[in-house]
Amino acid sequence: MLYTNLNINEKGHLTLGGLDTVELAKEYGTPLYVMDKDRVRENCRAYRTAMQKYFGKDCLPFYASKALCFTDMCRLAAEEEIGLDVVSSGELYTAKRAGFPMERVGFHGNNKTDADIAFGISLGVGHFVADAAEEIEVIEREAAKAGIQQKVLLRVTPGIDPHTHAKIATGMVDSKFGAAIETGAAMELTKQILGCPHIDFEGFHCHVGSQIFEASPFISAVDIMLDFISQVMAETGYIAKILNLGGGFGVRYTEDDPKMNLEKFIHMVADHLDTKRKEYCLPRLTIYMEPGRSIVADAGITLYTVGTVKKIPGYKNYVSVDGGMADNPRFALYEAKYTVLNAERANADCDLICTVAGRCCESGDLIGENISLAEPKRGEILAVLTTGAYNFSMASGYNRLCRPALVWVEGGKSRVAVRRESFDDLLEKDL
């Protein structure tokens, strides 16, 4: 199995966290997001433990809530004593409603509105990750109105190619995110912030991309960021206290994806950072990271009911399910690969090569192509693995489909964490 929290029971059914996924589908209906809460906790603890062991006790992972954000997920992050990275007022409001400590929240985003910034300051958000000159001006203005000094990190782009999909690479010079070091923009914004009396400038942030399985892009980022921090110190006298290295750690969607030893990965980055810091004669930095996908992806699966099995001799086979791009748009966006299983015959021979298609009225509504399955029948349950990240959070109401429920599995029991959307929910805002 792809992950240790997946198994096959005596009936031949796929299990997640010890619970029969076919029975879960019967109880809660499909499409259905199922999340192994114990696995999420395990992943949170792995990051926090490794970071504090190798970077220092004050260093923290900030869970990137864009990967999966709902009230009880924020509660879990609070219980695990990690930080929370939000990118909108909606995510921030969810965190507030969940009782998440605002001082451990970082507010991201390349185009925060004036209302976003005012809202964040009113709630006492821990720090903003500033992205542009206009944003810095508004933070200074709103902080002055509130009579506070607002903590800020500056996001810079180190100009690194992480060798990942172009649509999830974020550290290049021409990225929409941050200020490029190479062009001098990062230094300009640094000087702008240093001239703001109502901003407490804590340090810098960078992010090179997603689905990264090797330490080398992070090590390159350390080299570039410490060189820049040293330049800033020499030119302005400012000594950064915090360096946020972002997220982007890879997860296994298929057996072809490599395994990653998280502790070894963080140890390598920490050792390199300490060596370079001493070379530049810099004081110790507090290090943050922003795992999102790697906290929740492998904890989640999505269950679907098979509708039609369409065979086109000499061409291809289609297995259509009762969900699709409305609850998982990642294949439509960038042909993301998944492992798909017949949950009712999970240990049977895979005797059908097919395209798993969704029910939306779009030819591009696919879950995957060239999928090998134990040939399913109408009414059987398919499981798509590793869907804990960027599925629920990217779901839409396209074709007026109701968004699926999300169920927690924990300690051998299950419960609804987010109820299924109803027809009345679809019409609730119509006038």
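The model is predicted. Its largest nonpolar core has 132 residues, and helix α8 gives the most to that core. Helix α8 also packs against α9 and crosses α7.

**Helix α5 and its surroundings**

- Helix α5 spans residues 114-123, and its buried residues are Asp116, Ile117, Gly120, Ile121 and Leu123.
- Viewed down the axis of α5, these buried residues fall within an arc of 165 degrees, so they line one face of the helix.
- Ala115 and Ser122 are exposed, and they sit on the face of α5 turned away from the buried side.
- The cover over the buried residues of α5 includes the helices α4 (89-97) and α6 (133-146).
- Strands β7 (105-107), β8 (127-130) and β9 (150-157) are also among the elements that cover them.
- After α5 comes Gly124, with a positive phi near 80 degrees.

- Ser89 belongs to helix α4, one of the elements covering the buried residues of α5.
- Ser89 has a relative accessibility of 18% and therefore counts as buried, the cut-off being under 20%.
- Beyond four places in sequence, Ser89 touches Phe107, Asp116 and Phe119; of these, Asp116 is one of the buried residues of α5.
- Val105 is part of strand β7 and counts as buried, at 0% relative accessibility.
- Residues touched by Val105, leaving out those up to four places away in sequence, are Phe62, Leu84, Val86, Leu92, Phe100, Val125, Gly126 and His127.
- Val105 and Tyr93 are separated by 12 residues in sequence and by 11 Å in space, C-alpha to C-alpha.
- Ala130 lies in strand β8 and is buried, with a relative accessible area of 0%.
- Setting aside residues up to four places away in sequence, Ala130 touches Lys112, Glu135, Ile136, Ile139, Val152, Leu153, Leu154 and Arg155.
- Lys112 is 18 residues from Ala130 along the chain, and their C-alpha atoms are 8.9 Å apart.

**Nonpolar cores**

- Within the largest core, of 132 residues, those touching the most other members are Val40, Met73, Phe204, Leu243, Val269 and Val296.
- Helix α8 (residues 216-236) contributes 9 residues to this core, the most of any element.
- Another core lies apart from it and has 5 residues, among them Phe62, Leu153, Ile242 and Tyr288.
- Phe62 is also a contact of Val105, and Leu153 is a contact of Ala130.
- Val296 is in contact with Met35, Val40, Tyr63, Ala67, Leu68, Met73, Gly388 and Ala389, leaving aside neighbours within four places in sequence.

**Helix α8 and its partners**

- The axes of α8 and α9 (residues 262-279) are 9 Å apart, and the helices pack at an angle of about 25 degrees.
- That angle makes α8 roughly parallel to α9, and the crossing is right-handed.
- On the α8 side, this contact is made by Phe218, Ile219, Val222, Asp223 and Leu226.
- On the α9 side, the contact is made by Phe265, Val269, His272, Leu273, Lys276 and Arg277.
- Helix α7 (residues 185-194) and α8 have axes that come within 11 Å and cross at roughly 50 degrees.
- These two helices, α7 and α8, are therefore oblique to each other, and α7 passes α8 in a right-handed crossing.
- Ala186, Met187, Thr190, Lys191 and Leu194 of α7 make this contact with Phe228, Gln231, Val232, Glu235 and Thr236 of α8.

**Backbone features in loops**

- The Thr30 to Pro31 peptide bond is cis, with omega near -5 degrees.
- Pro31 is placed in the loop between α1 (21-28) and β4 (32-36).
- Glu81 is not a glycine, yet its phi is positive, about 60 degrees.
- The loop between α3 (71-79) and β6 (83-86) holds Glu81, which counts as exposed at 52% relative accessibility.
- Arg400 also has a positive phi in a residue other than glycine, with a value near 55 degrees.
- Arg400 is in the loop between β19 (381-385) and β20 (405-410) and counts as partly exposed at 43% relative accessibility.

Methods:
Residues are numbered from 1 along each chain as its sequence is written. This is a predicted model: local features need pLDDT of at least 70, side-chain atom pairs count only at pLDDT 80 or more; totals for chains, interfaces and linings use all residues. Side-chain values use heavy atoms; hydrogens and water are left out. Buried means under 20% relative accessible area, exposed over 50%, partly exposed in between (1.4 Å probe, protein chains only). Helices (H or I, at least four residues) and strands (E, at least two) are DSSP runs, numbered from the N terminus. The arc is that of the directions from the helix axis to the C-beta atoms. Contact means heavy atoms within 4.5 Å. A nonpolar core is a set of buried Ala, Val, Leu, Ile, Met, Phe, Trp, Tyr and Cys residues joined through side-chain atoms within 4.5 Å. Axes are lines fitted to C-alpha atoms, for helices over the stretch in contact, and angles run from 0 to 180 degrees between N-to-C directions. Angles under 35 degrees count as roughly parallel, over 145 as roughly antiparallel, 65 to 115 as roughly perpendicular and the rest as oblique. A crossing is left-handed if the near helix is turned anticlockwise from the far one by less than a right angle, and right-handed if clockwise.
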